Amino acid sequence: MVDVILGLQWGDEGKGKIVDFFAPNYDVIARFQGGPNAGHTLYVEGKKVVLHQIPSGIFHPHCVNLIGNGVVLDPVTLKRECDIVASFGIDVKKNLFIAEKTNVIIPTHRALDKASEQQKGDSKIGSTLKGIGPAYMDKTGRNAIRVGDLLDPTFTTQYKELRAKHQTLLNNFGFTEDISAWETEFFEAVEFLKTLNIVNGEYFINNKIAEGKKVLAEGAQGSMLDIDFGTFPFVTSSNTISAGVCTGLGVSPKQINEVMGVTKAYCTRVGGGPFPTELEDSTGEELRRIGSEFGATTGRPRRCGWIDLVALKYTCMINGITKVIMTKADVLDSFENLNVCTSYKVDGKETTEVPYAISKVKIEPQYRTFKGWHCDSTVINDAANVPTDMSAYIAFINGYIGAPVKYVSNGPGRDQIITL
Ligand code: GDP
Ligand code: IMO
Ligand code: MG
């Protein structure tokens with residue numbers, strides 16, 4: 001049986017904290033897509049840790065953590081992260097497993113990401129520059145190097161061939177930066193990676209399921225960044241939605257049980273692309289300031305706005321969400337009024353559906369206004385103490401999206417969560 005936790009917006013919903021919170025109930029935590037573009041923040045022994053490649057169950061010694069085949073893996077980021085995790089006394093050689101079919105990010109993928117963004121100029125995606133797009137292109141283009149290949153004697157030849165292909169593209173882009181330092185650290189990190197547990201991921205996970213172990217699949221990014229259903233072309237390059245769990249881990253759809261979606265009580269986006277409810281005013285600045293909305297991977301300021309129920313209902317639909325977890329409710333504590341987007345006006349016509357040309361049309365969000373709750377919600381630890389105005393806000397969202405909000409996160413700490 002596999003449960004899923006994934007993001008319902010444009011990423012950074014607080015998935016890391018939520019996976020860490022639920023990890024005690026699971027035996028296996030498995031990342032099924034994305035790569036070092038992700039930044040999942042946890043608090044361990046009061047210290048902030050940001051995970052990019054390693055699943056967020058790593059700090060629970062009873063959990064086995066699997067990097068699934070749907071992930072793109074940068075050995076350099078992985079090595080750095082393993083060092084951080086080891087400093088907390090965690091033995092990654094015992095608790096971390098990597099699927100041999102996982103695709104490897106090589107230094108020229110990062111260079112290509114940068115060159116491609118530079119060429120796009122004003123219409124750039126605003127990618128994290130971690131090489132994600134080029135690495136997934138090599139997967140679908142059937143050129144990629146996979147983790148299993150690192151153990152093969154032909155790896156160096158394979159690497160040189162792929163690098164040569166990339167060099168032609170980089171020459172076309174006019175990219176001339178010296179990346180030899182990246183290559184040195186890459187080869188060092190590959191040697192380290194080879195000492196970790198490299199497994200056949202699909203047998204590994206299906207054997208665990210057969211043994212009756214409980215698996216939690218951890219998503220990266222958010223559903224509105226999904227390559228098929230997000231705000232294309234301003235998306236990432238993988239399927240971030242629940243369907244990605246099956247291809248990203250090698251499990252059957254019949255094994256999927258709960259699909260838990262994480263949404264902020266408002267909305268943020270980092271990078272380019274449409275964001276109908278974005279607030280480019282002092283209210284948006286307040287959300288950014290109170291919510292500390294700066295990217296966990298790139299440090300970029302996140303764009304902020306009101307919660308968008310049109311987009312949220314859409315992502316609940318395509319994921320088959322069974323439970324919703326609302327995070328960062330405490331960030332709204334001091335706001336006088338709260339807006340909730342209930343429809344879009346596109347070219348003067350009202351709709352409750354996400355339009356195909358969302359990246360091209362002008363959208364005027366239509367709002368319903370709620371009273372703020374004006375209290376310090378970070379200290380609430382019981383559903384009975386949730387203020388009436390917060391309950392009304394949540395009840396409306398519940399009703400609109402048709403999926404139940406079962407948990408409200410009211411602070412970054414592991415224990416700051418209210419079960420409704
Ligand atoms: P992820 O990518 O979905 O794991 O989210 P990030 O880690 O990128 O961003 C979420 C940020 O919000 C992190 O800094 C978390 O520590 C923080 N956070 C998570 N839940 C809450 C919450 O309920 N309240 C507050 N104030 N911060 C939270
Ligand atoms: P987590 O898992 C927020 C965004 C980038 C850019 C677009 C494409 O922490 O929620 P990419 O590097 O994937 O080619 O960039 O996607 N993006 C994220 N935004 N959270 C993330 O991950 C993201 N991963 C990618 O900012 O707009
Ligand atoms: Mg993040």
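Predicted model: local features only at pLDDT ≥ 70, side-chain atom pairs only at ≥ 80, totals over all residues.
1. H12 itself runs over residues 388-401, which makes 14 residues. From first C-alpha to last, H12 reaches 20 Å, close to the 20 Å expected at 1.5 Å a residue.

2. Which residues of H12 are buried? They are Met390, Tyr393, Ile394, Ile397, Tyr400 and Ile401. Down the axis of H12, these buried residues fall within an arc of 125°, so they line one face of the helix. On the face turned away from the buried side of H12 are the exposed residues Thr388 and Gly399.

3. What covers the buried residues of H12? The cover includes helix H11 (309-319) and several strands, among them E15 (323-327), E16 (337-346) and E18 (363-371). Strands E14 (307-308) and E19 (405-409) also belong to this cover.

4. Leaving aside residues up to four places away in sequence, Ile401 touches Leu309, Leu312, Lys313, Cys316 and Val324.

5. The largest nonpolar core has 67 residues. Those touching the most other members are Leu249, Leu332, Tyr393 and Ile401. At least three residues of this core come from each of domain 1 (2-102 + 198-260) and domain 3 (263-419). A second, separate core has 34 residues, including Val44, Ile54, Leu73 and Ile106. In soluble globular proteins, nonpolar side chains tend to be buried together.

Key. Residues numbered from 1 in each chain as written. Chains lettered and ligands numbered in written order. Heavy atoms only, no water. Helix = DSSP H or I, 4+ residues; strand = E, 2+ residues; numbered from the N terminus. Expected span 1.5 Å × (residues − 1). Buried < 20%, exposed > 50% of the residue type's maximum accessible area, 1.4 Å probe, protein only. Arc of directions from axis to C-beta. Contact = heavy atoms within 4.5 Å. Core = buried A, V, L, I, M, F, W, Y, C linked by side-chain atoms within 4.5 Å. Domains from an automatic or database assignment.
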